[in-house]
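Subject: Structure handover

Hi,

Here is the structure I promised to pass on to you. My notes on what I found in it follow below.

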Amino acid sequence: MAGILKTVIETAKPNLATFVKYAKVELIPPTPGEISGISKGIKNVITSAKTGKWKQLTVREAWLNLLVATEVTCWFFIGECIGRRSFIGYKVNV
């Protein structure tokens, strides 16, 4: 049993180091400079929707946009399930 545990720990160390490396970069809160960039990004989306620029996307860009939208949607629903503490609707007291 101790040999298996030692092997698991030795295998997990590099993976954990990689996770920590990326977590330090990706999981930090946005800076004030990045927050101000949000309004610019929203304006760009609205402008491209009005001008039809979205029709000029390559298949790869459209596919990546679809994947990002799917990921955001899934995280929204996971957050809803966590908030409700249930997979099935809200508990309503009658």
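C74 counts as partly exposed, because its relative accessibility of 41% falls between the 20% and 50% cut-offs. Please keep in mind for this and everything below that the model is predicted. As for disulfides, the structure holds 0 of them. C74 is in no disulfide, and its nearest cysteine sulfur, that of C81, is 11 Å away. C81 is likewise in no disulfide, with the sulfur of C74 as its nearest at 11 Å.

Next, the helix α3, which covers residues 59-84. Helix α3 has 26 residues and spans 37 Å from its first C-alpha to its last, close to the 38 Å expected at 1.5 Å a residue. After α3 comes R85, with a positive phi near 60 degrees.

How many salt bridges does the model have? The count comes to 1. It joins the side chains of E80 and R84, at 3.9 Å from N to O. Both E80 and R84 lie in helix α3, 4 residues apart, or about one turn of the helix. In general, an α-helix has 3.6 residues a turn, so residues three or four places apart point the same way. E80 is partly exposed, because its relative accessible area of 24% sits between the 20% and 50% limits.

On to helix α2, where you will find S48. Is S48 buried or exposed? S48 is buried: its relative accessible area is 19%, and the cut-off is under 20%. Setting aside neighbours within four places in sequence, S48 is in contact with K53 and W54. Helix α2 itself has 20 residues and reaches 30 Å from first C-alpha to last, close to the expected 28 Å at 1.5 Å a residue. Just after α2, G52 takes a positive phi of about 85 degrees.

Last, the surface. A nonpolar patch there is formed by L16, F19, V20 and L27, which together have about 420 Å² of accessible area. One of these, L27, sits in the loop between α1 (2-26) and α2 (32-51). L27 counts as exposed, because its relative accessibility is 64% and the cut-off is over 50%.

Best wishes

Methods: Residues numbered from 1 in each chain as written. Predicted model: local features only at pLDDT ≥ 70, side-chain atom pairs only at ≥ 80, totals over all residues. Heavy atoms only, no water. Patch = residues over 30% accessible without salt bridge, like charges linked within 9 Å, V, L, I, M, F, W, Y side chains within 5 Å. Areas by Shrake-Rupley, 256 points an atom, 1.4 Å probe, with all protein chains shown as cover. Salt bridge = Lys/Arg side-chain N within 4 Å of Asp/Glu carboxyl O. Helix = DSSP H or I, 4+ residues; strand = E, 2+ residues; numbered from the N terminus. Buried < 20%, exposed > 50% of the residue type's maximum accessible area, 1.4 Å probe, protein only. Expected span 1.5 Å × (residues − 1). Disulfide = S-S within 2.5 Å. Contact = heavy atoms within 4.5 Å.
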